[in-house]
Amino acid sequence: VTNMRGMFCHSKATELDLSSFDTSNVTNMSHMFGYSSATTLDLSNFDTLNVTGMSDMFSGSNVTSLDLSNFDTSNVTDMSDMFCDSEAISLDLSSFDTSKVTNMKGMFCNSKVTPLDLSNFDTSKVTNMRAMFWNTEATSIDLSSFDTSNVTNMSRMFCNSKVTPLDLSNFDT
């Protein structure tokens, strides 16, 4: 399998056993768990080395805690809306390699993820940050590592967000 796009999108299953999944050839996981009713997901066996598309992967998901520490995101280019409308309140993204990502549009929009530590994010290739933190529940976000020199769209980036204080002194606009 190379494409798992929308595989469990809008699924009513509250439990998913994915322990036998071989995802080593998958390139597209976009919308995979979007608006899924599953409250817990064990993705520790997922091989994401070849994945380039993770847009909307967990958008609208009912999952309250996600351990993505084993995710290899070194080839991902699209993380748009990845956690948009997500219930996940605990999320560790410290292992994420975002060096090839160009699209982070709405990545955390309308999300309940808090706290939100993005201090390791490499955003040097990102061109779209539109509504990235729109209506987010996070009250504190470390954006000190953000390189915005290639971003062309920041519309509604912090619209209706609860982030305070908001230090954008390193932003290159």
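Q: Leaving aside neighbours within four places in sequence, which residues is Ser124 in contact with?
A: Welcome! This is a predicted model, and contacts are a friendly place to start. Once neighbours within four places in sequence are set aside, Ser124 is in contact with Asp147 and Asn150. Ser124 itself sits in the segment after strand 2.

Q: How many residues apart along the chain are Ser124 and Ser99, and what separates their C-alpha atoms?
A: They are 25 residues apart along the chain, while their C-alpha atoms are separated by 6.9 Å.

Q: Why does Ser124 count as partly exposed?
A: Buried means under 20% relative accessible area and exposed means over 50%, with partly exposed in between. Ser124 counts as partly exposed because its relative accessibility is 23%.

Q: What does the side chain of Asp81 join in a polar contact?
A: Its partner is the side chain of Lys105, in a polar contact of 2.6 Å.

Q: How many disulfides does a search of the whole structure find?
A: First, the general idea: a disulfide is a covalent bond between the sulfur atoms of two cysteines. Here the search of the whole structure finds 1. That disulfide joins Cys84 to Cys109, with an S to S distance of 2.1 Å. The pair links distant parts of the chain, 25 residues apart: Cys84 lies in the loop between strand 1 and strand 2, and Cys109 in the segment after strand 2. Both cysteines, Cys84 and Cys109, are buried. The angle about their S-S bond is -75°, and the link is left-handed.

Q: Why is the sulfur of Cys159 too far from the closest cysteine sulfur for a bond?
A: A disulfide needs sulfur atoms within 2.5 Å. The closest cysteine sulfur to that of Cys159 is in Cys109, 11 Å away, so it is too far for a bond. Cys159 counts as partly exposed, at 34% relative accessibility. Cys9 counts as partly exposed too, at 28%.

Q: Which residues touch the most other members of the largest nonpolar core?
A: In soluble globular proteins, nonpolar side chains tend to be buried together. The largest nonpolar core here has 49 residues, and those touching the most other members are Phe33, Leu41, Phe58, Leu68, Phe83, Phe108 and Phe133. Take Phe108: beyond four places in sequence, its contacts include Phe83, Leu91, Leu93, Met132 and Phe133.

Q: How many aromatic pairs does the count come to?
A: The count comes to 9 aromatic pairs. One of them is Phe133 with Phe158: their ring centres are 5.4 Å apart and their planes are at 10°, so the pair is stacked. Phe133 and Phe158 are 25 residues apart, and each is in the segment after strand 2. Both Phe133 and Phe158 are buried.

Q: Which residues do ring pairs link into a cluster?
A: The cluster is made of Phe8, Phe21, Phe33, Phe46, Phe58, Phe83, Phe108, Phe133 and Phe158, linked by ring pairs.

Terms used
Residues are numbered from 1 along each chain as its sequence is written. This is a predicted model: local features need pLDDT of at least 70, side-chain atom pairs count only at pLDDT 80 or more; totals for chains, interfaces and linings use all residues. Side-chain values use heavy atoms; hydrogens and water are left out. A polar contact is a pair of N or O atoms within 3.5 Å; within protein, one must be able to donate a hydrogen and the other to accept it, and residues adjacent in sequence count only if both atoms are side-chain atoms. A nonpolar core is a set of buried Ala, Val, Leu, Ile, Met, Phe, Trp, Tyr and Cys residues joined through side-chain atoms within 4.5 Å. Buried means under 20% relative accessible area, exposed over 50%, partly exposed in between (1.4 Å probe, protein chains only). Contact means heavy atoms within 4.5 Å. Helices (H or I, at least four residues) and strands (E, at least two) are DSSP runs, numbered from the N terminus. Rings of Phe, Tyr and Trp (its six-membered ring) pair if their centres lie within 6.5 Å; planes under 30 degrees apart count as stacked, over 60 as edge-to-face and the rest as tilted.
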